[in-house]
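Hi,

Here is the structure I said I would pass on.

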Amino acid sequence: AYVMFSQLMNAVGFAQIFRPGFPRLWVELKALDKLIARFLPRLAEHLSALDVSVSLWADKLFLTACTYNFPHPLLFRIWDIMLLERSLKVITRVALAILKLAHDRLLLMDFESCLPFLQRGFMDAKTGVLSDEQLFLETAYSFHFVRAREASAKADSLRHFFRDANKLHANKDSGGSPFAVKRASKMHRQEFEAFSAR
């Protein structure tokens, strides 16, 4: 139990969530809000019109690591994935899966029915979205976005390439072909710009 707790706090990142002021929590909620607008735009507009912000329902997913409202068999699978990936983005995927599986129903709800559903109703055995564990996890991983750690690593790699390419351009005595360097630099710069725009 201690080893799992230690891994969740340090490797996955929950320790950053529980620092004074909950700084990482607000970062994750802001990222989730942007992803909802990107992947589920109609629902994002509907929730905004109802004034149902992510902080009203998704904060509990992060603060409790899904323990307060998920059935244990599914919860253990979510924790296994979190420990494997060492990322809080697993919970982001969980939140997106809830919204996607209940998408059509949520669009028909008003504030009084929408908020309770997102807080607890989604776990109801008959009317919720958690009855099929496999479907839920497949839905969670149907969203394609880059984790911050991967994004940072790729961006650093491309920046190093630009730095080295610029050195070759600046060094007239280098043996490398300036045309080859220029073509490679242009290719990687386009890749970097496309990646940064995601």
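A word on terms before anything else: helices (H or I, at least four residues) and strands (E, at least two) are DSSP runs, numbered from the N terminus. Read along the sequence, the protein goes α-α-α-α-α-α-α-α-α-α-α-α, which comes to 12 helices and 0 strands.

Some housekeeping. This is a predicted model, in which local features need pLDDT of at least 70 and side-chain atom pairs count only at pLDDT 80 or more, while totals for chains, interfaces and linings use all residues. Residues are numbered from 1 along each chain as its sequence is written, and side-chain values use heavy atoms, with hydrogens and water left out.

On confidence: pLDDT is the predictor's confidence in each residue, from 0 to 100. The protein has a mean of 82, with 73% of its residues at 70 or more. Helix H4 (residues 41-50) comes out highest at a mean of 98, and helix H12 (residues 178-196) lowest at 48. Residues 176-182 stay under 50 throughout and have 5 contacts (heavy atoms within 4.5 Å) beyond four places in sequence. Residues 191-198 also stay under 50, with 12 such contacts. Where pLDDT is low, the predicted coordinates should not be read in detail.

As for the fold as a whole, 73% of the contacts between residues at least 6 apart in sequence join residues at least 24 apart. Of the 198 residues, 38% count as buried (under 20% relative accessible area, with a 1.4 Å probe and protein chains only; exposed is over 50%, partly exposed in between).

Now the helix pair I looked at. The axes (lines fitted to C-alpha atoms over the stretch in contact, angles running from 0 to 180 degrees between N-to-C directions) of H6 (residues 72-85) and H10 (residues 133-140) come within 10 Å and cross at roughly 35°. From H6, Pro 73, Leu 74, Arg 77, Ile 78 and Ile 81 meet Glu 133, Gln 134, Phe 136 and Leu 137 of H10. That contact divides into 6 nonpolar, 1 polar and 2 charged residues (Ala, Val, Leu, Ile, Met, Phe, Trp, Tyr, Cys and Pro are nonpolar, Asp, Glu, Lys and Arg charged, the others, Gly among them, polar).

Last, the loop between H5 (59-64) and H6, where Ala 65 sits. Most residues other than glycine have a negative phi. Ala 65, however, has a positive phi of about 55°, and Cys 66, in that loop too, has one near 70°. Ala 65 is buried at 7% relative accessibility, and Cys 66 is buried at 0%.

Cheers
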